[in-house]
2 protein chains.
Amino acid sequence: MKARVHVTLKNGVLDPQGKAIEQALGALGFGGVEEVRQGKVIEFSLQESDPAKARADVEAMCQKLLANTVIENYAIELDG
Amino acid sequence: MKARVHVTLKNGVLDPQGKAIEQALGALGFGGVEEVRQGKVIEFSLQESDPAKARADVEAMCQKLLANTVIENYAIELDG
């Protein structure tokens, strides 16, 4: 089973990478681009084939390692 | 219009961040996790409301700034 986890900064947390991208896009002539936020995406395959158990495992991985839940949100997608 | 761009390393390009995550998950007791790859996700809002024009703009942003097309793939999602 394939898993994909999105880790994004919570609203209100400063995102200097996003700001840098926004300014660079402006400098390159792309106007009208706003609210740029950069996050991470982590993709992996799991041996677990039961969707409910796989989701619980990935949830635990997010809590323990993949996301800093003080400042980051995460979203889990499972496939296959 | 909201845009979301996924930037991921091409197959065959070494991904040391992904390897580090894989090993850390193993050390935490999460077995059966393989092929971990880490990528970036960039989200922003565009003033352009025509979907075809918006997609062409975001495509150009990816080529010029957001992705290093020598080693990275990108995928564009538009919404609204």
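Let's start on the outside of one helix: on the face of α1(A) turned away from its buried side sit the exposed residues Pro16(A), Gln23(A) and Ala27(A). Keep in mind that this is a predicted model. The helix itself has twelve residues, 16-27 of chain A, and its span from first C-alpha to last is 16 Å, close to the 16 Å expected at 1.5 Å a residue.

Gly18(A), Ile21(A) and Leu25(A) are buried. They cover an arc of only 60° around the axis, so they end up on the same side of α1(A). What lies over them? The cover for the buried residues of α1(A) includes β2 (33-46) of chain A, plus β2 (33-46) and α2 (51-66) of chain B. Just after the helix, Gly29(A) has a positive phi of about 95°.

With chain B in the picture, on to the interface. Chain A and chain B bury about 2,700 Å² between them, with carbon and sulfur atoms giving 63% of that. Phe30(A), Val41(A) and Leu65(A) supply 18% of the area chain A buries against chain B, more than any other three residues. Each chain brings 31 residues to the contact.

Eleven residue pairs are in polar contact across the interface. On chain A's side, the elements giving two or more residues are β1 (2-9), α1, β2 and α2 (51-66), and β2(A) gives the most, with 14 residues.

Note on methods:
Residues are numbered from 1 along each chain as its sequence is written. Chains are lettered from A and ligands numbered from 1 in the order in which they are written. This is a predicted model: local features need pLDDT of at least 70, side-chain atom pairs count only at pLDDT 80 or more; totals for chains, interfaces and linings use all residues. Side-chain values use heavy atoms; hydrogens and water are left out. Helices (H or I, at least four residues) and strands (E, at least two) are DSSP runs, numbered from the N terminus. The expected span of a helix is 1.5 Å times one less than its number of residues. Buried means under 20% relative accessible area, exposed over 50%, partly exposed in between (1.4 Å probe, protein chains only). The arc is that of the directions from the helix axis to the C-beta atoms. Contact means heavy atoms within 4.5 Å. Buried area is the accessible area (1.4 Å probe) that two parts lose on being put together, summed over both. A polar contact is a pair of N or O atoms within 3.5 Å; within protein, one must be able to donate a hydrogen and the other to accept it, and residues adjacent in sequence count only if both atoms are side-chain atoms.
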